[in-house]
Amino acid sequence: MSDDTILRVEGLMTQFKTDYGIVKAVDGVSFDLRRGETLGIVGESGSGKSVTNLSIMRLIQSPPGKTVGGKVIYDGRDLLSLPEEEVRLMRGKNISMIFQDPLTSLNPVLTISLQITEALQLHHHMGKREAKAKAVEMLKLIGIPDAERRANDYPHEFSGGMRQRVMVAIALSCNPDILIADEPTTALDVTIQAQILDLIKNLSSERHTSVIMITHDLGVVAGMCESICVMYAGKIVERASVDDLFYDPKHPYTRGLLDSIPRLDKAGAYGDERLYSIPGIPPSLVNLPEGCPFAPRCSKAKDICTKAYPPETKFDGERPRSVSCWLYAEEK
Amino acid sequence: MAATDTLLSVRDLKVYFPINKGIIARRRVGWVRAVDGVSFDIKRGESLGLVGESGCGKSTTAMAIAQLQKATSGQVLFEGRDLSKLSPAELRRARTDFQLVFQDPYSSLDPRMRAGDIIAEPLRIYKRAGVVDMSDEEIVKKTETLMERCGLSPTFAGRYPHEFSGGQRQRICIARALSLNPKLVIADEPVSALDVSIQSQILNLLKDLQKDFDLTFLFIAHDLAVIEYFCTRIAVMYLGHIMETADSGTLYKEPLHPYTRALLSAVPLPDPKKERSRRRIILKGDVPSPSVERHNCPFFERCPEATERCGKEAPQLRAVAAGHEVACFLYEGRE
Amino acid sequence: MAGKKLKLNAIATTGIIIIAFYLVGIIVSFFWVPFDPVDMDTDHILEGPSFATGHIMGTDEFGRDVFSRIMAGSSISLVISLAGTALGGILGTLLGIWAGYLGGAWDHWMMRFADILFSFPSLLLSIFIMAILGEHTLNVVIAIAIVYIPQFARISRGAILQIKQEEFVRAARSNGATSHYILYKHLLPNIVVPLIVQVSLSLSVAILLESSLSFLGLGVQPPAPSWGNMLSGARKVMAIAPWTAVYPGLAIVFLVLGFNLLGDGLRDILDPRLRNVG
């Protein structure tokens, strides 16, 4: 583990018991996060990206879910094997999260000021007055006009964009090592999204916070992240630096995704051309077949693809790069 | 341009929602101006995109055009006839010419009906009303043809909506919309609720169907990339007004209205080098409330290029080039 | 509704078993009862339960066999409760779905009417109605129906309001459907679930209502047996002949329990399944 690595996830496995069988939502996920790095986890619904995030922080509701394997090493310790109480103390302080819906993440009956100061008082043992002053300072920092007065407003008096900015502020107020942002801008308009992503970028680079950005939007990761993991059916199928991923994608799923999104910069040049589309539909996570889960939809699938899951093939380079695909692995 | 070329003509459409206060005796205290004077034409064979962020009024406009939402004032002329002036029976008959595809594939299908029945329903309704003259077998046959055309196996006709994936449900919705052979398809955010890899399937399908069935589209979305891909012309909406209208390539290459520019600059591109080098226009603040009565430019508060005049008067939508209209004082005198 | 796996849970199953038990008893009672329920046998009044005499639940103050009267009474009680609930359910649902669908002033006034009915405690309301209509078995049905109109109106209105906004309603309108069509073909089938639950729970209260009215002498008139009027007659002799009260009482309790369990169980099965759709 290099000095630079702040979080290492190894072989994470989380499953859910449902009426239809066991859903392997996260099936052997491993990645490293360096200090100050912004890592993107990209996938569609059912890929397991959100469950990965929740598993790291041990927020999986059990029953019906359970993290059944793997390690999450932070600060030299495995979060999955620590007592619940210790992990709880880390949430918000060492590792912070923001979620998609800012309305439900904030308590509707407490003022914004109280919610920010609560975090500060809890983790930094600040006095009430000091915390209140810091809260107003935070609101100014995130661009809320008339911060002094608005600190005493309630969440519903803020717009969606402002609430999400408050969430970012709360999340970063305690200077965590890691910020996990789970689809933070999916529910927001694109101009507000630009504001929020800008804010996250600036604040996190100022404080050297590592960020894990979970999203389905490839445009967002292109602008925000240095490294990216692409997930499909509970597994990471490709991992690369952002440039490598976009300009030299190796996994057929990654290629398919990139080819199938309408490109704004190609506006007016499409003519009668059709978008590429990946045939078929994402697999059901119950009773996944043997082999690579993408094989049924893959234009390059070989015989072995339906028989065994491909091992990870690593590539040399400045940044860690790997892909799980039989096109690159040696069949033995 | 011959008048018959224009399929749909919207003139100064306004949709205001009353704000009522009080529990016992409700009194009107104001209006939410969801659509505040929108005008545009759609020619036969065109795809017009209405794009804007939440609250801009694009969906309300679509619903008002489709006569599913009562307009407060204005005209919706379909092939020259004002839809709001038709009697209920005449309107029902006219509906066969314009059909909708809805956003949410989970709620736009009756969970208690089988797929085949959902698709056949419009035909059956109009058969009972005497407008459609098909036998029951013919209707079933047509349903099967439509399903195949939309990428669904006819063997699935007996299944219920919850047995299909989101993309498949949307296909059912599209097949239903086509059953009456409409001239105009109003698609309200048809791919927004779908996964990325399914979006392209549905967009391709719609494009194919447009060609085969000679359809005209009114396409509503908030995703500019999708709109640019699908539509031939685009109208940008903000706070109930149209800010700019242009051909799709032109809108991207030469955006005139400051809001259009900000919108375009905010869209993240899946291209890291471009992302790193672009300069974003970050708008300050949030969208103002649509319940405030205003006689100035709706974008005044957030416009990086606002002048004093913008705060006092409202600019009109004017053509500055062939097919390119903009509502902004910056371009006054360029007509 | 093909393809719905009705995995009955334990609660609903217990309820069904109990109700089935009564249904069997009712069907049998049409063909055979141990003794004539109205036949007075003054030689054997207030005899305790005994297998020897054949009066397994004893006799009442007129020498009538308690068990036979319970069996006979069950069909009357159940029929009245079912009819009353059904009538009230239909009227109330009609009121509720139109109020919910039309909205505005219609909704306002229809619901105010329902509220007026609702504001009376059900027993008092039914007594009031019986006082107006007169003490006749059929009138008990009407009384129960009127009591239930507001319940069903509320529930169906609430359910309509929930799904009125669903896009398939708009889709139907855009496909040329009339309001009538939408209500009966689209909305009503989709609100069946909460209504079924309500029916089951209402039946249990209806039985209590009927029993209470009969107990007060306002419902089924003696000598026709009803659990309620059996209890009424047993009041005087309860101290020395407890079986005259205990058995009719238990009969009421268990049937009410059965419907309650069925209603609760159904609610658990049907609602989450509906939410899981999609």
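In what order do the eight strands of the open sheet in chain A run? The order is 6-7-8-3-9-10-12-11, with mixed pairing (strands pair if DSSP finds at least two bridges between them; strands are DSSP E runs of at least two residues and helices H or I runs of at least four, numbered from the N terminus).

This is a predicted model, where local features need pLDDT of at least 70 and side-chain atom pairs count only at pLDDT 80 or more, while totals for chains, interfaces and linings use all residues. Residues are numbered from 1 along each chain as its sequence is written, and chains are lettered from A in the order in which they are written.

Back to that sheet: strand 6 (95-98) and strand 11 (312-315) of chain A sit at the edges with a single partner strand each, so one side of each has no neighbour in the sheet. Further in, strand 10 (residues 235-241) and strand 12 (residues 321-324) of chain A run antiparallel, joined by two bridges.

Ala, Val, Leu, Ile, Met, Phe, Trp, Tyr, Cys and Pro count as nonpolar, Asp, Glu, Lys and Arg as charged, and the others, Gly among them, as polar.

| Helix 3 with helix 4, chain B | seven residues | two residues | two residues |

The contact between the chains takes 23 residues from chain B and 16 residues from chain C. Helix 3 gives the most to chain B's side, with four residues.

Notes: Contact = placed C-beta atoms within 7 Å.
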